[in-house]
Amino acid sequence: TAAESKKRGESSKSLYAIPPMPEIERGLPFLVQLDSSIMADLLKVSAIGRHDAAAVLLRTGEVCRYLHVVTQGKVEILAGAAGRPLRVVDEGDPFGELSFMTSQPSAETARTLTQVQTASLSKAGLSDLLRTHPTLAGHLSALLGRHKKSLAERAVTLEHSDFKGTFDTFPFADVMQMLISTRKTEVLGLR
């Protein structure tokens with residue numbers, strides 16, 4: 001009981017450990033790496049979309065409002081306005097995740113190569129999933145890790161900019177991105 005703990009000099013306050021980051025395997029699709037309960041809940045709260053071949057699902061300069069995960073088919077990712085092919089997103093992997101998580105305009109265009117089905121998760125849906133499944137945060141960090149080069153370029157741009165502000169005025173996703181890209185590992189206090 002709390003009274004007995006107090007007699008022994010123990011604190012009545014408990015510390016909660018942050019769950020360990022999951023081991024992320026390179027080359028495996030995002031969905032496959034999730035625990036089955038997380039995957040089921042993610043698919044349950046996502047909007048399912050069906051798209052014909054050659055459909056443009058995200059354009060350069062647009063902010064991606066959903067985390068889109070390809071559940072059937074293939075999506076080609078093209079760089080910038082020139083449309084230089086970068087990679088192909090297969091079943092189980094997302095596209096537009098950097099724009100979605102940072103609320104910044106996408107530097108890429110996503111175009112379907114085949115008929116495609118997507119599961120699209122809103123930010124509100126993602127927040128609910130993170131409350132239910134905190135280990136999902138590690139998988140999302142790994143998704144951002146796929147974009148180390150562009151994150152590092154953005155961090156350098158911020159470092160040399162006239163940015164004035166505080167964490168109170170900086171979007172949370174940008175704070176996380178900056179901490180990850182600059183490999184800051186100290187404790188961040190939030191009020």
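**Glu76 and strand β4**

I began with Glu76, which sits in strand β4, residues 75–79; strands (E, at least two residues) and helices (H or I, at least four) are DSSP runs numbered from the N terminus. This is a predicted model, where local features need pLDDT of at least 70, side-chain atom pairs count only at pLDDT 80 or more, and totals for chains, interfaces and linings use all residues. Residues are numbered from 1 along each chain as its sequence is written, and side-chain values use heavy atoms, with hydrogens and water left out.

Is Glu76 buried or exposed? I found Glu76 buried, at a relative accessible area of 13%. My scale here: buried is under 20% relative accessible area, exposed is over 50%, and partly exposed lies in between, with a 1.4 Å probe and protein chains only.

Next I looked up its contacts (heavy atoms within 4.5 Å). Leaving aside neighbours within four places in sequence, Glu76 touches Pro85, Arg87, Val88, Thr109, Ala110, Arg111 and Leu113.

I traced an open, antiparallel sheet of four strands in the order β2-β7-β4-β5. β2 (56–58) and β5 (84–89) are at the edges with a single partner strand each, so one side of each has no neighbour in the sheet. From one strand to the next the twist averages 30 degrees; the axes are lines fitted to C-alpha atoms, and angles run from 0 to 180 degrees between N-to-C directions.

β4 pairs with β7 (residues 108–112) in the antiparallel sense over five bridges; pairing requires at least two DSSP bridges between two strands. Which residue of β7 stands opposite Leu78? I read off Thr109.

**Salt bridges**

How many salt bridges does the structure hold? I have five in my notes, counting a side-chain nitrogen of Lys or Arg within 4 Å of a carboxyl oxygen of Asp or Glu.

Arg111 and Glu76 form one of them, at 2.8 Å from N to O. Arg111 is in strand β7 and Glu76 in strand β4, so this pair ties together parts 35 residues apart in sequence. I have Arg111 down as partly exposed at 31% relative accessibility, whereas Glu76 is buried.

Asp90 and Lys74 meet at 2.5 Å, N to O. This pair links distant parts of the chain, 16 residues apart: Asp90 is in the loop between β5 and β6, and Lys74 in the loop between β3 (66–72) and β4. Both ends are partly exposed, with Asp90 at 34% and Lys74 at 37%.

Asp41 and Lys44 make another salt bridge, at 3.6 Å from N to O. They are three residues apart in helix α3 (residues 36–45), so about one helical turn separates them. Asp41 is partly exposed at 22%, while Lys44 is exposed at 65%.

**The other sheet I checked**

I followed a further open sheet of four strands, antiparallel, in the order β1-β8-β3-β6. Its edge strands are β1 (47–51) and β6 (94–95), each pairing on one side only. β1 pairs with β8 (residues 116–122) in the antiparallel sense over five bridges, and there His51 faces Val116.

**Whole chain**

I finished with the totals: eight helices and eight strands, with 32% of the 191 residues buried. Among contacts between residues at least 6 apart in sequence, 73% join residues at least 24 apart. The chain exposes about 12400 Å², of which carbon and sulfur atoms supply 56%, by the Shrake-Rupley method with a 1.4 Å probe.
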